[in-house]
Amino acid sequence: MADEWSLEHPASRRAILFADLVESVRLYEQFEARTIDRWRRFASLAREQVAPKHAGRLVRTVGDSLLMEFPTSASATAAAFDLHEALAQFNRPDESDATMWLRVGVHEANVVAEERELWGNGVNLAARLASTAQPGQTAASVQVRSSLCDGVQARIEDLGLRYMKHVSEPMRVFVLHAPGQAATARAPSSADLRPAVAVVPFVAMPADAANDALGHAMADDIIASLSRHPGLRVLSRASTAAVRGLTMDLPRLHALLGASFLLSGHFYVRGSRIRLAAELCELRGGEVLWAGGVSADVDALFEGQDDLVPHLVAQVSQQVLAHELSRVRSLPMDSLASYSLLLGAQGLLASFVPSDFNRAEHVLTHLADRHPRQAAPRAMLASWHMYRVLQGWTDNPEADKSQLRQQAQRAIDIDPQHPGALVADGVAHVFCDGDFGGASSRFKEALQHDPQHAPAWARLSEAQSEGGQHEEAMESAQRAIALTPLDQQLFVYLSYAARAAFSARRYAQAAEQARASVRMHALHAPAHRLLIASLWYAGETEAARRAATQYVQLLPEAKAHGSTRAAGTPSVETRFTRALHDAGVPR
């Protein structure tokens with residue numbers, strides 16, 4: 001039948017353009033009448049002016065997308081630029097929250113054309129390409145790029161290989177900019193919500209040119225370590241070296257550097273020993289959050305065998321997070337800076353104290369309303385619903401899973417390249433669909449954008465375990481741990497390592513890592529459940545029963561909800577749930 005149908009409807013080579021309205025869910029929810037009116041007028045313009053101008057046609061339109069076809073990639077590319085420009089005419093400068101942006105994907109392939117539809121895998125690939133574009137951008141395949149002359153039909157930016165949803169192999173993706181347009185052009189958005197930390201190169205006392213490089217070297221090591229923390233931004237040394245040794249009040253430094261926190265200090269060298277005195281300040285208010293001294297051996301410091309830098313990094317990250325957490329707990333949300341809300345919410349989520357956990361949702365919702373074009377709050381709201389299920393705090397897991405999917409989709413809709421949004425979408429694949437393959441693609445895509453994103457490595461470990469890639473799963477979990485040795489979230493990554501070892505039937509190893517996770521955070525339910533099951537299958541049945549008793553005492557409201565997410569394949573899930581039951585964990 002398929003062959004007969006294809007003979008009646010022969011395929012032809014066409015350039016396919018798929019345009020998607022950014023944040024369509026939010027726009028229709030908040031500005032329904034206005035969005036409908038603007039979109040209808042825009043679609044008419046696309047049909048009656050843009051398509052004919054470039055010898056193409058508008059095949060169909062729905063409430064948030066357009067599908068068009070053109071004879072060549074060059075004509076489709078020109079049409080894409082015209083669509084972006086045309087939609088801008090429907091926006092008003094005084095209505096930034098209601099601004100409409102397109103993501104456009106262009107691909108060239110053989111398709112079967114009908115009056116109101118195009119058929120073929122090329123249509124799907126054009127839509128997937130659109131999902132990789134930033135607001136206001138056009139993404140294209142290698143087939144399109146090969147037909148264009150860089151600088152003539154478009155300015156072309158190569159993004160390399162990208163993993164896409166429901167596409168088995170990564171695709172080569174290019175961003176196309178209108179000739180004369182800057183290659184970095186994209187829709188305006190609010191600034192990164194994370195607080196910025198400035199590390200000023202340390203000053204030698206007394207001044208000594210021979211030791212001057214040592215102060216810069218220590219600052220470089222601290223900057224490199226702090227930059228791996230997902231909740232912080234760190235200024236480059238080139239940005240901070242100019243203020244080294246200057247006498248300046250802290251609010252002025254805040255205005256000059258644009259940073260929220262400053263780490264500075266001075267050091268003394270005597271023989272082979274160095275003594276560093278450092279302090280961490282909150283620049284806006286001028287408050288000293290921490291001050292202390294550290295000693296080290298100079299040779300060991302340069303060889304990375306001394307804990308001076310790790311100690312300072314731990315102090316900075318912990319003091320910044322503790323400072324913002326205390327503010328979020330005690331002050332009205334409207335009075336706090338956005339970075340305070342973001343870091344405070346991270347701390348509230350990680351506490352797993354029910355009152356803190358519930359406040360985290362209010363903080364993140366407030367932050368998402370304040371910054372509707374930021375993906376991070378939506379991605380964190382998805383995590384909030386995930387943890388509700390994992391901790392056993394929900395009476396309606398399906399409702400929380402539905403909210404998880406919705407928040408993850410909104411995060412992706414805002415920024416399809418945001419690592420946190422990609423991880424949240426992968427988690428939705430796992431929790432809502434049991435689709436570990438699709439989740440794995442999402443986690444790998446997140447790691448393409450940020451190879452040091454520890455949550456993506458941890459989640460990838462889970463997906464690899466499901467696929468029977470046990471060695472790879474344990475390696476990915478260890479990558480997450482290695483990236484976060486001083487992170488307060490380390491207990492989470494230890495539990496993923498335990499899960500990977502459990503799936504591989506390495507029960508003693510799983511028990512050791514689960515025990516380490518529980519030792520770091522006694523209220524993290526998944527680690528408790530992994531510890532119980534691992535001890536049971538390691539033959540330590542009495543220890544498993546004691547762990548089960550401790551679990552019930554510490555978390556009396558937590559049942560065995562989410563146990564499948566700590567297991568994996570049906571055979572592993574059966575082993576896991578049986579061990580919990582036999583050890584005395586109530587369901």
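Hi everyone, let's start with helix α5, residues 121–132: at 1.5 Å a residue its 12 residues should span 16 Å, and its end C-alpha atoms are 17 Å apart, which agrees. The expected span here is 1.5 Å times one less than the number of residues. Helices are DSSP runs of H or I with at least four residues, strands are E runs of at least two, and both are numbered from the N terminus.

A quick word on the source: this is a predicted model, where local features need pLDDT of at least 70 and side-chain atom pairs count only at pLDDT 80 or more, while totals for chains, interfaces and linings use all residues. Residues are numbered from 1 along each chain as its sequence is written, and side-chain values use heavy atoms, with hydrogens and water left out.

Back to α5. Which of its residues are buried? They are Gly 122, Val 123, Leu 125, Ala 126, Leu 129, Ala 130 and Thr 132, where buried means under 20% relative accessible area with a 1.4 Å probe, protein chains only. Those residues pack against several strands, including β1 (12–21), β4 (102–114) and β6 (138–141).

Now look at β4, which is mostly covered, with 10 of its 13 residues buried. Strands pair if DSSP finds at least two bridges between them. β4 pairs with β1 in the antiparallel sense over 10 bridges, and Ala 15 stands opposite Glu 108 of β4. β4 and β6 run parallel, joined by 3 bridges, with Val 104 opposite Thr 138. Finally, β4 and β5 form a hairpin with 2 residues between them, and in β5 Leu 118 is the bridge partner of Ala 113.

Methods:
Buried means under 20% relative accessible area, exposed over 50%, partly exposed in between (1.4 Å probe, protein chains only). Contact means heavy atoms within 4.5 Å.
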